[in-house]
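My notes follow in the order of the searches.

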Amino acid sequence: MLKRRLHIPPESLYPVDDWRIVERRYSDRYFARAETGFSLSNGYVGVRGTFEEGRPTWSRGTFINGFHETWPIVHPEESYGLARSGQTMVKAPDATVLRLFVDDEPLYLPTARMQEYARVLDMRAGTLTRELIWSTPAGKHVAVRSCRLVSLEHRHVVAITYEVVLLDHSAPVTICSELVNCEDLPIEHEDRPGDPRVGHELPQRVLNAVVAEDAGGRLLVGYQAVNSGMTLGVGVDHIVETAMPYETSHTIDGDFGELAVTANAEPGVPIRVTKFVAYQSSRSVPPRELVERCAWTLDRSIHGGFETLVEAQRAHLDRFWDRADVRVRGGTSSARTQQAIRWNLFQLAQATWRAEGAGVPAKGLTGRAYEGHYFWDTEVYLLPFLSYTQPRIARNLLRFRHSVLPKARARARELGHRGAMFPWRTINGEEASAYYQAGTAQYHINADIAYAIRRYVNARGDVDFLAEAGAEMLVETARLWEDLGFYADDGRFHIHGVTGPDEYTTVVDDNTYTNLMARLNLSYAVECVRRLEAERPAAHSALVDEVELRPEELEAWERAAAAMFVPYDERRGIHPQDSRFLDREIWDLDATPPDRFPLLLHYHPLEIYRHQVIKQADVVLAMFLLGDEFTEAAKRANFEYYDELTTGDSSLSASVQSIVAAEVGHQERALEYFRFALLMDLADAAGNVSDGVHVAAAGGVWQALVFGFGGVRDCDGRLTIEPHLPSAWESLEFPLRFRDRQLRVELGRRTERYTLEEGEPVEITIRGERRLLAAGQPLELEHVVV
Ligand code: BGC
């Protein structure tokens, strides 16, 4: 049962709209939440939904994926092998600021009198627009319209138009376009001091400019981070359009740049400033060169103009929605559900579309919480969505993991292991989890990566990827498991001293999830090496040389997989989360006051660890990912047992609980969990949306729709579909990309339609029956859902 209630203050909800999120009045109370909700990003650059006119606050931010500072983690009590390299995503200079002065009075939203106000996130256009009419202190009326985008076409570009029209009187007007280094703002959330998830205050200033140039109003700045040595270039340029005479002045230093446009404005004559911004970051290129690159990008953007960016933006999103849009009809609030689904899917596009050569931070580029780190969230919560909708991006993200394999090898050696050990949280490939119990000990990330490789390869049939990068990662992760585990007296292979996905129980023996996933990792590594040997002998020999693979290793992995110990409690008919989990006292969740959640903020870890209480799906996640490993009876029994113990304190839990609830026949609960995941951010279900989007939860929403209610499973490259349409819904429709085919699934209460829109015929198993789908011959099935 859902242990946390959704408290949705009605005034905090946006009006229902198919494709847009519309804010109809300015709210000072919800500004930080709204900044998250109205964030724009392309996976490389992200800007929070700040107001152009500025508001000095901790929450504003522009982020560049991977641009980070490092700092030494100081452990007051040292131990061997603890993570040393703190990594923190640094706020890049904020270029969203355009201040407006009429009669020298500033437009400042918290205090301004506004006659009209609307802010619109358009999820098809990929733009954020705001229109308002301001009554100035002198009683003049001014229409202000802004529109911004973070380009999906040109990953380095952010562009904003800002248009001002005096409606009734003339007045001097100044528009100050700024570039502000805001890294010194405190990061601490005003309402939740001490929340460890928020992020780390950097010990020193990071962005000291080494280049600051004003080339005739074009502002160019270059930085080098003090410790990481990473470099950043930022460039800003403008187009001013108006039928009135105007003047400009400009200035720049390392922390502040400005272009001011001044006119004696006449009523009815617009003045429009279009601001183009370019960001470039690197690990090795000097700042001066990055600044030059920014200048080229600006030349191109100015030449093409804002409208060209708008058109390209739409074209990218057309492609995205064509492959990703999930439609739901029916139910009391289906229009709101639809809107929220789209917002979540839009977040997935924003977090990943141009994340080339980098991972996906837990908050995407919408906030600095979790320090901008990449976790298993990418492999388990995003890769499935990407593999079946945008496989190009799935491949890029897996390639990023491959790029940090050398560091994972070094980390394994440091910890005395063979193979590779991927970091629990990282930006640069090194382990950054200071709290090893809930960090480094989550060895399962190695198997999560292996699982994601398998899913991607199955969904796309991409053996080339296995040959180029996948098999190498599989070999090294398999080596790790074989080294980490051991044969006990019972002859079984055990894995001790690890933490599973549930962070409320740490450093345990034989975590069921870990053991099952490790088993899959071991056997899939063997399968892939043999497959390459048979199908790509050259790639196989290269692999054998590269990783010095010995034939007896494969046998050892097979042996370990076959002997893997999987905890099972005969009496209860369930899989214990780990070997001692059921011996612990049960936490009384019903007696826990609502204001003591999440438990991690209110109880000492020891108090939590000594109880049976769960932060997030663990065995239940294993049942979703590895459904074939569990009997129907065990699935039901496990679900019911763990459901009672699960707090849902992690945003990664509800979607998985929804999927398994749908599978084991708890339709109401499936819907309840789905709703919780769906509104995680739009209704601030977890209470911390101001820190940024829960990107994994957004991925979970897609999974709950397609794998949960849609009942889709991929069994070794064969699609099966066992729908569980909620009784409150009339229909559910979604596209799926599968092995160069484009499929569409439409599930109704009475009929179901399966269409192959593109590609060669394909066999899928629907409700246990094999069916052949061919292009132009949709399969219609009569089916009555009770
Ligand atoms: C969860 C982890 C997750 C991390 C980042 C934590 O609260 O327990 O599973 O990877 O958040 O989203």
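**Entry 1: terms and ground rules.** I count two strands as paired if DSSP finds at least two bridges between them. Strands (E, at least two residues) and helices (H or I, at least four) are DSSP runs, numbered from the N terminus. The model is predicted, so I take local features only at pLDDT of at least 70 and side-chain atom pairs only at pLDDT 80 or more, while totals for chains, interfaces and linings use all residues. Residues are numbered from 1 along each chain as its sequence is written, and side-chain values use heavy atoms, with hydrogens and water left out.

**Entry 2: a three-stranded sheet.** I looked up the pairing of β2 and found two bridges joining it to strand β3 (residues 45-47), the two running antiparallel. Ser 41 stands opposite Gly 46 in β3. The sheet is open, with three strands in the order β2-β3-β4 and antiparallel pairing. β2 (40-41) and β4 (62-64) are at the edges with a single partner strand each, so one side of each has no neighbour in the sheet.

**Entry 3: salt bridges.** My criterion is a side-chain nitrogen of Lys or Arg within 4 Å of a carboxyl oxygen of Asp or Glu. The search of the whole structure returned 55 salt bridges. For accessibility I use relative accessible area with a 1.4 Å probe and protein chains only: buried is under 20%, exposed over 50%, and partly exposed in between.

I looked up Glu 379 and found it bridged to Arg 401, with the closest N and O atoms 2.6 Å apart. Glu 379 belongs to helix α5 (residues 377-389) and Arg 401 to helix α6 (residues 391-403), so the pair ties together parts 22 residues apart in sequence. Are the two partners buried or exposed? Glu 379 is buried at 3%, and Arg 401 is buried at 2%.

Next I took Glu 241 and Arg 272, whose side chains meet at 3.3 Å, N to O. Glu 241 is partly exposed at 39%, and Arg 272 is partly exposed at 22%.

Arg 713 and Glu 663 form another salt bridge, their closest N and O atoms 3.0 Å apart. Arg 713 is in strand β25 (residues 712-715) and Glu 663 in helix α16 (residues 654-664), so parts 50 residues apart in sequence are tied together. Glu 663 is partly exposed at 21%.

I also noted a network of salt bridges linking Arg 409, Glu 472, Glu 476, Arg 479 and Glu 553.

**Entry 4: cavity and pocket.** The grid is 1 Å over the protein atoms alone; a cavity is a set of points where a 1.4 Å probe fits but cannot get out, a pocket is an open set with protein on both sides within 12 Å along at least five of seven lines, and lining residues have an atom within 4 Å of a point. I found 12 cavities of 30 Å³ or more.

The largest pocket holds about 1,100 Å³ of space. Of its 48 lining residues, Pro 196, Arg 197, Tyr 370, Arg 425 and Glu 503 lie nearest its centre.

How values were computed: Grid points are joined across faces, edges and corners, and a volume is the space filled by probe spheres set on the points.
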